[in-house]
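Have the viewer open as you read.

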Amino acid sequence: MLKKIVAVLLSVSVSLMFGSCWNYRGLNQITIVSGVAIDKNENDTGYHLSCEVVDLLTNPKQSGIKAKLIECDGDTIFDAFRNAKRRVINKLYIGHADVIVISEEIARVEGVKSIIDLFYRDAECRETMTVAVSREKTAKRMLSIYGIDKSIVSKEIKQIIENDNKYSASTRNLELYQIYNYFHGEGKEITLPSVHVIQNDEEPVVEAGGVAVFKSDLLVGYLDAFETKYLLYANDEVKGGLLIINKVKNEEDNVALEVHETKTDRSFEYKDGKIKVLLKIDTQVFLGEHINYVDSLDKEKITELEKRAEQLLIKEIGALVKKVQTEFNSDIFNFGNMIYKKDPKLWKKLEPNWDNEFRNIEVVVQPKVKIINTAFLKNN
């Protein structure tokens, strides 16, 4: 009996010791940051941060949740965060931050690796933060406008990027921990979502679309939303979206195929000193929209649409690979990582000259598109 009593008391003691947060602070002691934009300062000698913070002073039931911008400068990013304390009573708390927006200037000249490392190692930061590159003059611009759906634009940016792959497949979402792993992996380069400002109903709003392409640590260019879709196909990352078959002759139709499920199997062979990559793409789609009437029971017509969709994938993925090889020479398809995982000895041999090897890889695309639903009954 005594042993049981001792065990209970010990359990209670341990719970009291470890059941509380070691760095607990009340809401009245912190200023909650929802997003951070990082630019160079005016003197180009340090950094200018624009932090979108949640306004806890207004009543959200009356006016909704509001946000403010707190700006600060420093010789380093960490220094800038600390200098913000000169302007606000409470310390900036980034444990709830959803997004980091990096200026194009920093990404192109200085790179992003050190920024990723800083936020990833910070004890307060979420590893699931979204990181994006601003195509505007400054990153601050992205957090300076009002969102369509949310008053806190940082949360809107994150949700737009996170949900994009399901609906339009026009950008790529990499969270903080994934980007960190990219920089410490073998044979792969990163792409980050790019964001810009457009006019909507005569008001500026944020739009995500396309990706920023990096080589090692530096921004080297962009892929637009259309090209990014085929990057996702090549990398087996498509979750949804549309395949649009544009008419090439007057008698053909513009057709929208909605992606239900897709899988890309990637393999390679190394022969006579040359690398050939094979992309087998198996895609199931719905017949979503056709400009002119298509008889959904016409097997011949359905087969024709499937073939046209397959030709589209072959054409656009092939064009994308050539563009990336010639303009960027950056292995954003992670072909090197595939070789590293499947044949480490071969990768060790190829790695020292990988830039030249990647530029000369032959990529063969073998798609299989199947229309599984036309919204009409179809005989098999």
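Two strands count as paired if DSSP finds at least two bridges between them. Helices (H or I, at least four residues) and strands (E, at least two) are DSSP runs, numbered from the N terminus. The model is a predicted one, so local features need pLDDT of at least 70 and side-chain atom pairs count only at pLDDT 80 or more, while totals for chains, interfaces and linings use all residues. Residues are numbered from 1 along each chain as its sequence is written, and side-chain values use heavy atoms, with hydrogens and water left out.

**The sheet**

Let's start with an open sheet of four strands, in the order β10-β11-β12-β13, with mixed pairing. Why does a side of β10 and of β13 lack a neighbour? β10 (242–245) and β13 (362–373) are at the edges and have a single partner strand each, so one side of each is left without a neighbour in the sheet. From one strand to the next, the twist averages 40 degrees; axes here are lines fitted to C-alpha atoms (for helices over the stretch in contact), and angles run from 0 to 180 degrees between N-to-C directions.

β10 pairs with β11 (residues 255–271) in the antiparallel sense, over four bridges. Within that pairing, Leu-243 sits opposite Leu-257 of β11. Helix α10 (residues 299–328) packs on the sheet and touches β10, β11, β12 (274–290) and β13, where contact means heavy atoms within 4.5 Å. The direction of α10 makes about 150 degrees with that of β13.

**Cysteines**

With a disulfide taken as a pair of cysteine sulfur atoms within 2.5 Å, the count comes to zero. Take Cys-51: its closest cysteine sulfur, in Cys-72, is 4.7 Å away, too far for a bond. Cys-51 is also buried, at 0% relative accessible area. Buried means under 20%, exposed over 50% and partly exposed in between (1.4 Å probe, protein chains only). Cys-125 is buried as well, at 11%.

**Rings**

Rings of Phe, Tyr and Trp (its six-membered ring) pair if their centres lie within 6.5 Å; planes under 30 degrees apart count as stacked, over 60 as edge-to-face and the rest as tilted. The whole structure has seven aromatic pairs, and here are two of them:

| Pair | Centre distance | Plane angle | Type |
|---|---|---|---|
| Phe-81 and Phe-119 | 6.1 Å | 75 degrees | edge-to-face |
| Phe-333 and Phe-335 | 5.3 Å | 15 degrees | stacked |

The pair of Phe-81 and Phe-119 links distant parts of the chain, 38 residues apart: Phe-81 belongs to helix α3 (residues 77–83) and Phe-119 to helix α5 (residues 113–121). Phe-81 is buried at 14% relative accessibility, and Phe-119 is buried at 2%. Phe-333 and Phe-335 are both buried too. Elsewhere, ring pairs join Phe-226, Tyr-230 and Tyr-233 into a cluster.

Charges turn up over rings as well, meaning NZ of Lys or CZ of Arg within 6 Å of the ring centre and within 35 degrees of the ring normal. Lys-40 is over the face of Tyr-47, 4.5 Å from the ring centre, and Arg-135 is over the face of Tyr-222, at 3.7 Å.

**A loop residue**

Which residues does Asn-334 touch, leaving out those up to four places away in sequence? Its contacts are Arg-172, Tyr-182, Gly-187, Lys-188, Glu-189 and Arg-266. Asn-334 lies in the loop between α10 and α11 (335–342) and counts as buried at 11% relative accessibility.
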